[in-house]
Amino acid sequence: MRIARMQDLTPSAAIEVRRLASDEVDEQLDALAGVLFDCVAGGASVSYMAPFPYEDARAAFEGFVAEAKHGRRLILAAFADGDLVGTVQVILELPPNQPHRAEIAKLLVHRSARGRGIAQLLMEHAEAEARAEGKTLLVLDAVTGGDAARLYDRLGWTTVGVIPGYALYPDGRPCDTTVFWKAL
Ligand SMILES: CC(C)(COP(=O)(O)OP(=O)(O)OC[C@H]1O[C@@H](n2cnc3c(N)ncnc32)[C@H](O)[C@@H]1OP(=O)(O)O)[C@@H](O)C(=O)NCCC(=O)NCCS
């Protein structure tokens with residue numbers, strides 16, 4: 001079991017963002033799970049409740065990796081000096097009447113690597129990959145007023161509205177959710 005325990009990034013760390021190829025997703029499974037584990041431990045509302053052991057994070061990513069291998073979603077990763085510190089997914093497979101649409105999910109950056117523009121880079125690459133897949137409309141949701149929602153505003157996403165009490169934080173408190181869309 002490998003749980004990411006990283007020092008804060010040095011300002012000079014070289015950042016690389018790329019879509020993971022099918023053979024690479026297996027290789028990076030532990031690191032991807034480590035980032036999810038760290039985000040939930042930090043209180044992020046991203047589907048999971050506390051306690052959220054590393055094994056559950058790994059099981060969640062095993063499911064995402066299986067989907068990626070079937071071409072149903074893309075998994076992108078951000079590396080800092082070669083270490084995986086962030087990830088985002090593009091869900092490609094939607095109902096037959098929405099072939100032009102994709103959803104963005106699980107934008108996650110390890111706490112040690114935040115505030116360096118890594119999430120922004122991940123989103124820019126995710127949009128480019130979606131466009132390359134022929135998608136012209138993206139949809140996502142985020143905790144209202146949170147760090148991610150601010151990022152989506154900055155990147156030109158349009159707010160549909162707020163759904164009060166839509167989800168829970170890992171500790172059980174309710175949180176409002178804002179739904180966004182972006183035309184590519
Ligand atoms: C939301 C999340 C992905 C943002 O990741 P991040 O890599 O820190 O995001 P960025 O660095 O692009 O932007 C964060 C802030 O750093 C600032 N920033 C970016 N580069 C910077 C730099 N070089 N120097 C100083 N500040 C910088 C941004 O302007 C932004 O400021 P703001 O918070 O005032 O808006 C991260 O906090 C996270 O993983 N949260 C938990 C999981 C989660 O909630 N995911 C969203 C699901 S919808």
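Tyr-152, Trp-157 and Phe-180 form one aromatic cluster. The model is predicted.

**Aromatic pairs**

The count of aromatic pairs comes to five. Among them are the two tabulated here, which share Tyr-152.

| Pair | Geometry | Centre to centre | Angle between planes |
|---|---|---|---|
| Tyr-152 and Trp-157 | tilted | 6.0 Å | 55° |
| Tyr-152 and Phe-180 | edge-to-face | 5.6 Å | 70° |

Tyr-152 sits in helix α5 (residues 147-154) and Phe-180 in strand β7 (residues 174-183), so their pair ties together parts 28 residues apart in sequence. Tyr-152 is buried, at a relative accessible area of 4%. Phe-180 is buried too, at 2%. Trp-157 is also buried.

Another ring has a charged neighbour. Arg-173 lies over the face of Tyr-169, 4.4 Å from the ring centre.

**Lys-106**

Lys-106 belongs to strand β4 (residues 101-109). Is Lys-106 buried or exposed? Lys-106 is buried, yet has no salt bridge. The nearest side chain of opposite charge is Asp-141, 7.9 Å away. What Lys-106 does have is a 3.0 Å polar contact between its side chain and that of Ser-47. Beyond four places in sequence, Lys-106 touches residues including Val-46, Tyr-48, Phe-64 and Gln-89.

**Leu-29**

Leu-29 lies in helix α2 (residues 29-41). Leu-29 counts as buried because its relative accessibility is 7%, and the cut-off is under 20%. Leu-29 touches Arg-58, Phe-61, Glu-62 and Val-65, leaving out residues up to four places away in sequence.

Note on methods
Residues numbered from 1 in each chain as written. Predicted model: local features only at pLDDT ≥ 70, side-chain atom pairs only at ≥ 80, totals over all residues. Heavy atoms only, no water. Helix = DSSP H or I, 4+ residues; strand = E, 2+ residues; numbered from the N terminus. Buried < 20%, exposed > 50% of the residue type's maximum accessible area, 1.4 Å probe, protein only. Lys, Arg positive; Asp, Glu negative; His and termini not counted. Salt bridge = Lys/Arg side-chain N within 4 Å of Asp/Glu carboxyl O. Polar contact = N/O pair within 3.5 Å; in protein donor to acceptor, adjacent residues only side chain to side chain. Contact = heavy atoms within 4.5 Å. Phe/Tyr/Trp six-rings, centres within 6.5 Å; stacked < 30°, edge-to-face > 60°. Lys NZ or Arg CZ within 6 Å of the ring centre and 35° of its normal.
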